[in-house]
Amino acid sequence: MTRRLFADFALALALLLAAELAVRLFLPHDVSGRFSYGYDQEAGFVESGETVHLVRAGGRRFHPQTFSRRRPPDTVRIMVVGDSVPRGPNLGAAYPGQLQEILRAQGIKAEVINLAIPGFGVRRSQLIVKKILAYEPSLVIVHVNDSNEYEDEREYRRSQEFQGWHPRHWLMKSYILARAYEIKTEKLQWRLLPEKIRQQNMASDADAELQAGLDENLHRLWQQRVWEITQQTVALIRARAVDVILVTQASWQPTGPGQGHLHDHGLEALGQSLAGPGVQIVAMTKVFADLKPRSDYFADSAHLTPAGHQRLAAALAAVIQERGQRTSQGANASRGSPP
Amino acid sequence: MSFLSWQFPFFLSVFVLLYWRLPHRWRLWFLLLGSYTFYGFWDVRFLALVMTTTVVDYLCALGLAGEKCRPLPVLALVFLPLGWLLTLALTRPHLGISPGMLAAAGLATVLFWGGYTVLWRLPEPTRRRGFLLLSLVFCLAILGFFKYCNFFLESTAAALTWLGLQPDWPTLQIILPVGISFYTFQSLGYVIDVYRRQGPVCRDLLVFAVFDAYFPQMVAGPIERGRTLIPQLSSPRQFQAADLHEGLVRILVGFFKKVYVADNCALLANYVFAPATPLNAPWALLGGLAFAFQIYGDFSGYTDIARGSAKLLGVELVHNFHFPYLARNPSDFWSRWHISLSSWFRDYVYISLGGNRGTAGQTARNLLVTMLLAGLWHGAAWTFVIWGAYHGVLLLLYRFGPLTWLNRKDYASLPASLLACTLMFSLTVIGWAMFRSPTLGHFWSWLMALGNWETVTLPWRSSLWWLLLHVAPLLALQGLTWNRADETKLLDLPWPARGVLYVVLIVLVVSSTAQDQEFIYFQF
């Protein structure tokens, strides 16, 4: 009698379990990737045999790209890590893509892989660096920006929600329920509501970010974290004897109609403090020092136009050339060592 | 502890498991401990008020039955709330229990003790009235102070200012104890029943203490009657698998109503009823409809969780909602909405005032007074009073005025039935706008906006989809049970359909978009 009475609950449980099993059996990459929110080193990398596919990571997408696990002979493999600025509007227009074109035009057999993901701060960028060092890069370009720390923090908290063993997170151990919860936290239905109502309910991430950005103490903490983690990231790369170029972000700050200046929140100073053997700096404040109309190079305060990407790519190519990174050198160098 | 907190499922699961393993008497102690813990999660200080209500009404009810207790146990009981406050003051100084609070509690204790002692020296009929009065005065004084003190001070100040005087008194910083209106009314109902000899007197203090603080329904109802809940608590109960099943279904439906329906509708309602929002007719209608479904989902959702939780413990709480928006007239509405409160007011206020036994004028007066008080019960604000009056007037219009023809239980044709439902629903939404508006001025703006079809900057069409997205599943669910006595009675469906339905409900609850919001009725 009792067994028949609870047949409905048993069915509900069975359906949820079946869905859970099906997803875990047939969509293993999605399971590991979507809910890691950038705190899972494997997120976004799908390896099949000798080939690596870049897919999404934590609700954010890599530009879909494919490359071999091992660096091809005679090739300079450059990997670019960062946020929405190096990611660019598309693979070809972003400065990593432009850099590849310039190097190839100069006769260098270069392979530039764009591993930038929008909103990634230093912590999540570091995870990607840890992962890609296994793919034998000749050079890693780390785009350093300090405007994503709020999001990094928030995503970190979310990752804790999914990974923690606190009783309130137990439901998140289920893929199906966690996916449903993701719909809630990512607020996919929210597009039906006008922006004003979203803001009124303080549920807009951007709004909450703006509020957090007004906290000076929090800002100081974030900046400290950017310094510390960037140092660690550079040390990690150098420990594998791979060269690094740090691109320090600059933002356009308007001071009046049609006027303004570039500001880097001290990131260039951070870069200079790390410069040394195998570590070079490309500061956007210098690359765009003679900036005239902002709209030529900056699409908004931080993101670049295609012309801006091209200019930055040219500056990077010049630095790489100076270091004598030529195709032949790269090919002759031992694997994992600088070209 | 809120039903929405992550602790509640664990608390309830462990509680139910242990509860059924205990002997009957231990279960009662366990229930009392659990109920006080549940309430103490909000504010342990206010447990003193719960204890006061319990002690006062327990002793007064015994007094009404002519049963005099020995002085020493009575003295110990009377000083119990004060002792609790003293213990907290000494052990938890951060709670801020001031000497003034202790002095007030001490004074109340002495006054009650004095009153109780004096009453026993009076002859029988006077003594009975005296005990009833003592209970009413004490319980309503506590309720009045914590809930209405500032309202009356501010209203008096406003009236005096209007008369040209300049009153200068400060507003008191009073925290409204959660659920005070609910447990006070429940306890008072019991005392009145004993006075009227309509309910048995509870001689077991433990049972009565559990009755007053029964955690599933203590903070937001349903308001139980002593004659229905006390016998269930005092008699040993056997675990029934069917109770467990039914309880779980109720809880699931309750969470769906609250988290998926109410909290999402709240986003629109909060926008429309915010003071600075520019409104036109579509937005005013959207806001009114959103609030109608928010308050229904919120309160009936709470009730379902409460009834489900009680059912897990083998107790059947009363129905509190029965498809209220299918009501065809105001009288029908109040027999479907917050049934335990409307029947409380009917039995203890309306009938006490004379009910409909007198002339039409007297009946009208009784109706109006009852509805005004019912409005005031909801909160210390003029919008609630006016809302109560509005429903009083609606009752009169349907009873004596031009809408009498709609005041029928049976309707010959479907169109007539639909017309009656639509009209009553529209009137209800107008009432909810009154209820939800922060001020009467804002309600007036809302009402005027219904005639304004000019465009406002914010587009409303996608918000209508939002509303439909969150109301349609509720209507679909209710379509399955609309002809049942219990809104949550899904057991008539085939079990495979129920299984699939539970999965849908679980996913909707977990994926619900809105921010978690506290139950509306907690503030009452």
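Predicted model: local features only at pLDDT ≥ 70, side-chain atom pairs only at ≥ 80, totals over all residues.
Figure 1. Now look at which parts of chain A touch each other: among contacts with a separation of 6 or more, 68% join residues 24 or more positions apart.

**Figure 2. Where chain A meets chain B.** Here 29 residues of chain A are in contact with 29 residues of chain B. On the chain A side, the elements that each give two or more residues are α1 (2-5), α2 (7-26), α8 (175-186) and α9 (195-200). Of these, α2(A) gives the most, with 7 residues. Sort the chain A side by class and you get 20 nonpolar, 4 polar and 5 charged residues.

**Figure 3. The largest nonpolar core, seen around B:Ala61.** This core has 148 residues, and B:Ala61, B:Ala213 and B:Leu268 are the ones that touch the most other members. Helix α11 of chain B, residues 241-272, gives the most to this core, with 18 residues. Zoom in on B:Ala61 and, leaving aside residues up to four places away in sequence, you will find that B:Ala61 touches B:Tyr190, B:Val191, B:Val194, B:Val201 and B:Cys202.

**Figure 4. A second, separate core.** This one is made of 55 residues. To find your way to this core, look for A:Val80, A:Ile102, A:Leu103 and A:Ala317, which are included in it.

Figure 5. Most residues other than glycine have a negative phi. You will find A:Asp74 in the loop of chain A between β5 (66-68) and β6 (76-81). Is A:Asp74 buried or exposed? A:Asp74 counts as exposed because it has 12 C-beta neighbours inside 10 Å, and the cut-off for exposed is 12 or fewer.

**Figure 6. A positive phi in chain B, at B:Phe323.** B:Phe323 is not a glycine either, and its phi is positive at about 45°. The place to look is the loop of chain B between α12 (281-312) and α13 (330-334). B:Phe323 has 16 C-beta neighbours inside 10 Å, so it counts as partly exposed.

Definitions and conventions: Residues numbered from 1 in each chain as written. Chains lettered and ligands numbered in written order. Helix = DSSP H or I, 4+ residues; strand = E, 2+ residues; numbered from the N terminus. Buried ≥ 20, exposed ≤ 12 C-beta atoms within 10 Å, placed from the backbone. Contact = placed C-beta atoms within 7 Å. Core = buried A, V, L, I, M, F, W, Y, C linked by C-beta atoms within 7 Å. Nonpolar A, V, L, I, M, F, W, Y, C, P; charged D, E, K, R; others polar.
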